Amino acid sequence: MVLTFFVLMLMNIIKTGHVSALGSCPKCGNVEVPYPFSTDDTCGDSRYKIYCNNSNNGNGILEFKSAKGFYYKILSIDPSAQRLIISPPDLVQDGDTCQTSDFSLQGLRLDEHLPFNVSTRNTVILLNCSDNLLRSPLNCTSNSLCRVFQDKMLEGKNNACKGGLCCHYLKDSHMTSYVIRVRVGGCTAYTSVVDIRPEDPVEKWSYGIELQWLPPN
């Protein structure tokens with residue numbers, strides 16, 4: 001009977017191309033890990049891999065790993081809506097430098113072979129942009145939401161992220177849904193707001209990058 005079970009499992013792997021999903025994973029510290037997410041090989045669905053970081057005095061933090069190997073803290077998971085929100089990368093402010101902590105990897109890139117994509121509810125704010133962006137369809141005008149972010153969130157700070165050209169755009173279905181890019185010659189830093197309400201105070205905006213996922217087959 002055990003042999004039959006393993007034969008059937010092997011046939012399923014050959015048929016579907018991945019290992020069958022297991023049960024839900026245990027908590028990461030005090031944080032629930034809802035199905036289909038997997039924090040190790042013994043639970044969840046391996047296509048929905050996330051990471052449990054217990055280095056903070058045993059207080060578990062769930063993290064999402066990009067295709068380039070950068071870890072983003074998971075702020076929330078909504079299984080019913082099949083959406084999760086990850087924390088934007090830190091702004092690195094050192095002298096004349098304005099970069100995000102994932103700049104060396106050219107920002108966020110998702111693995112296109114996995115069931116995740118960047119949702120269309122994200123408004124991306126780009127900072128320290130090249131004049132090349134003035135020829136793009138992005139909003140780099142004085143009325144851009146990025147100006148509000150610069151004026152309010154970076155108020156009183158002497159750094160390169162406050163000055164210079166900035167832009168914003170709403171991630172929509174016509175754009176690639178796997179990348180938020182930063183680079184030399186473009187913009188070197190960014191943040192993101194989920195389901196933005198421009199009339200709200202800037203400090204009340206919901207900062208994060210919302211990802212959505214396809215359900216398991």
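1. Buried here means under 20% relative accessible area, exposed means over 50%, and partly exposed covers what lies in between. These terms are applied to a predicted model, and the comments that follow should be read with that in mind.

2. With a relative accessibility of 1%, D45 falls under the 20% limit and therefore counts as buried. Its salt-bridge partner is R47, and the closest N and O atoms of the two are 2.8 Å apart. R47 has a relative accessible area of 17%, so this residue is buried as well. R47 also belongs to the lining of the second largest pocket.

3. The structure holds seven salt bridges, and another of them joins D195 to R121, with 3.4 Å between the closest N and O atoms. This pair links distant parts of the chain, 74 residues apart: D195 sits in the loop between β12 (187-194) and β13 (209-213), while R121 sits in the loop between β8 (116-118) and β9 (122-129). D195 is partly exposed, at a relative accessible area of 48%, and R121 is likewise partly exposed, at 33%.

4. Which residues are linked with D195 and R121 in a network of salt bridges? The network also takes in R83 and E210.

5. R197 and D200 form a further salt bridge through their side chains, at 3.1 Å from N to O. Relative accessible area is 48% for R197, which makes this residue partly exposed, and 26% for D200, which is partly exposed too.

6. By class, the lining of the largest pocket consists of ten nonpolar, five polar and three charged residues.

7. The second largest pocket has a volume of about 190 Å³. Its lining includes S46, K49 and Y51, together with F64, K65, S66 and A67, and also L110, D111, L114 and F116. The residues that line the second largest pocket divide into six nonpolar, two polar and four charged.

Technical notes. Residues are numbered from 1 along each chain as its sequence is written. This is a predicted model: local features need pLDDT of at least 70, side-chain atom pairs count only at pLDDT 80 or more; totals for chains, interfaces and linings use all residues. Side-chain values use heavy atoms; hydrogens and water are left out. Ala, Val, Leu, Ile, Met, Phe, Trp, Tyr, Cys and Pro count as nonpolar, Asp, Glu, Lys and Arg as charged, and the others, Gly among them, as polar. On a 1 Å grid over the protein atoms alone, a cavity is a set of points where a 1.4 Å probe fits but cannot get out, and a pocket is an open set with protein on both sides within 12 Å along at least five of seven lines; lining residues have an atom within 4 Å of a point. Grid points are joined across faces, edges and corners, and a volume is the space filled by probe spheres set on the points. A salt bridge is a side-chain nitrogen of Lys or Arg within 4 Å of a carboxyl oxygen of Asp or Glu. Buried means under 20% relative accessible area, exposed over 50%, partly exposed in between (1.4 Å probe, protein chains only). Helices (H or I, at least four residues) and strands (E, at least two) are DSSP runs, numbered from the N terminus.
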